[in-house]
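Please look over the sequence and the structure shown below.

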Amino acid sequence: MAVSRQIDSELAELGQIATAGFFLGLRIRGSSPLLAYRTYPQAWTDTYMASGYMVRDPITPWAMTVGGTIRWSSAFLPDPFGVFRHAAQYGLNYGASVAHGPIGSLTICSMARSDRELTDEEIARAKKIVLHLHDLTEPPKSLSTEQKDLLGMLAEGSGPAEVAAALGVPEPDARNRIKQICDALFAPTPADAVRLAREYRLI
């Protein structure tokens with residue numbers, strides 16, 4: 001099964017657990033995840049961002065220092081800014097989070113229900129999903145000479161036509177090669193592929 005299909009399958013299962021929505025940031029570097037998925041109500045996402053809750057969210061320091069799994073109702077998760085109380089106004093009454101990985105490649109998932117606390121079994125299932133997705137999105141440790149050459153062309157602003165001409169291949173083949181390198185780096189665009197390759201010191 002292709003990686004993208006595996007990711008979609010795992011996200012669908014996570015959605016069955018987190019019936020009020022979830023946020024999943026995979027392999028976060030600084031404040032930017034490699035991939036991010038949100039199914040929370042848009043109104044809550046807008047409020048969260050407008051209120052600057054990213055730096056006030058109790059999950060953030062917990063994920064960076066402790067990690068593992070935790071319910072939002074845990075006594076070990078103080079919420080001085082009332083982020084969870086505010087979230088409840090949007091139907092996120094009960095929640096839990098999973099954090100895994102080192103700083104610089106940290107994966108965080110927060111998930112919610114409106115009707116009840118998540119069970120131990122549901123949290124364990126969610127953790128298994130999150131760890132699997134973290135593993136699936138591990139960046140490559142090296143690139144072939146051909147991939148590096150292609151990224152070099154993309155870094156210079158070459159498009160499919162220019163790549164095709166340089167490689168002496170049909171343009172559809174060039175487009176496919178560009179897509180393959182983007183997929184390998186989990187990059188939405190060729191420019192992102194170049195950026196990520198540099199960040200990972202692959203080129």
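P58 is found in the loop between helix 2 and helix 3, where helices (H or I, at least four residues) and strands (E, at least two) are DSSP runs numbered from the N terminus. At 6% relative accessibility P58 counts as buried, a word that stands for under 20% relative accessible area, with exposed meaning over 50% and partly exposed in between (1.4 Å probe, protein chains only). From C-alpha to C-alpha, P58 and F81 are 8.6 Å apart in space, while 23 residues separate them in sequence. The model is a predicted one, in which local features need pLDDT of at least 70 and side-chain atom pairs count only at pLDDT 80 or more, whereas totals for chains, interfaces and linings use all residues. Residues are numbered from 1 along each chain as its sequence is written, and side-chain values use heavy atoms, with hydrogens and water left out.

**The chain as a whole**

- The protein chain holds nine helices and five strands, and from the N terminus on its elements follow the order α-β-β-α-α-β-α-β-β-α-α-α-α-α.
- Taken along the principal axes, the C-alpha atoms of the protein chain fill a box of roughly 60 × 30 × 30 Å, and buried residues make up 43% of its 203 residues.

**Aromatic rings**

- Rings of Phe, Tyr and Trp (its six-membered ring) pair if their centres lie within 6.5 Å, and planes under 30 degrees apart count as stacked, over 60 as edge-to-face and the rest as tilted; by this rule the count comes to five aromatic pairs.
- The rings of W44 and Y48 form an edge-to-face pair, because their centres are 5.7 Å apart and their planes stand at 70 degrees.
- Both W44 and Y48 lie in helix 2 (residues 42-50), four residues apart, which is about one turn of the helix, and both are buried.
- The rings of W44 and Y90 have centres 5.5 Å apart and planes at 45 degrees, so this pair is tilted.
- The pair of W44 and Y90 links distant parts of the chain, since W44 is in helix 2 and Y90, 46 residues away, is in the loop between helix 4 (83-88) and strand 4 (94-100).
- W44 is buried, with a relative accessible area of 4%, whereas Y90 is partly exposed, with a relative accessible area of 27%.
- Ring pairs link W44, Y48, Y53 and Y90 into a cluster.

**Pockets**

- On a 1 Å grid over the protein atoms alone, a pocket is an open set of points where a 1.4 Å probe fits, with protein on both sides within 12 Å along at least five of seven lines, and its lining residues have an atom within 4 Å of a point.
- The largest pocket has about 670 Å³ of space, a volume being the space filled by probe spheres set on the points, which are joined across faces, edges and corners.
- Of the 28 residues that line the largest pocket, F23, Y48, M54, T60 and I108 lie nearest its centre.
- Among the elements that give two or more residues to the lining of the largest pocket are strand 1 (21-29), strand 2 (32-38) and strand 5 (106-113), while helix 2 provides the largest share, four residues.
- The lining of the largest pocket divides into 19 nonpolar, six polar and three charged residues, where Ala, Val, Leu, Ile, Met, Phe, Trp, Tyr, Cys and Pro count as nonpolar, Asp, Glu, Lys and Arg as charged, and the others, Gly among them, as polar.
- The second largest pocket has about 250 Å³ of space, and among the residues that line it are V3, I7, L35, Y37, K179 and F186.
- The largest share of the lining of the second largest pocket, four residues, comes from helix 1, and by class this lining has seven nonpolar, one polar and three charged residues.

- Helix 1 has 15 residues and reaches 21 Å from its first C-alpha to its last, close to the 21 Å expected at 1.5 Å a residue, the expected span being 1.5 Å times one less than the number of residues.
- In helix 1, I7, E10, L11, L14 and I17 are buried.
- Seen down the axis of helix 1, these buried residues fall within an arc of 105 degrees, so they line one face of the helix, the arc being that of the directions from the helix axis to the C-beta atoms.
- On the other side of helix 1, R5, D8 and Q16 are exposed.
- In helix 5 (residues 120-136), which has 17 residues, the buried residues are E122, I123, A126, I129, V130, L133, H134 and L136.
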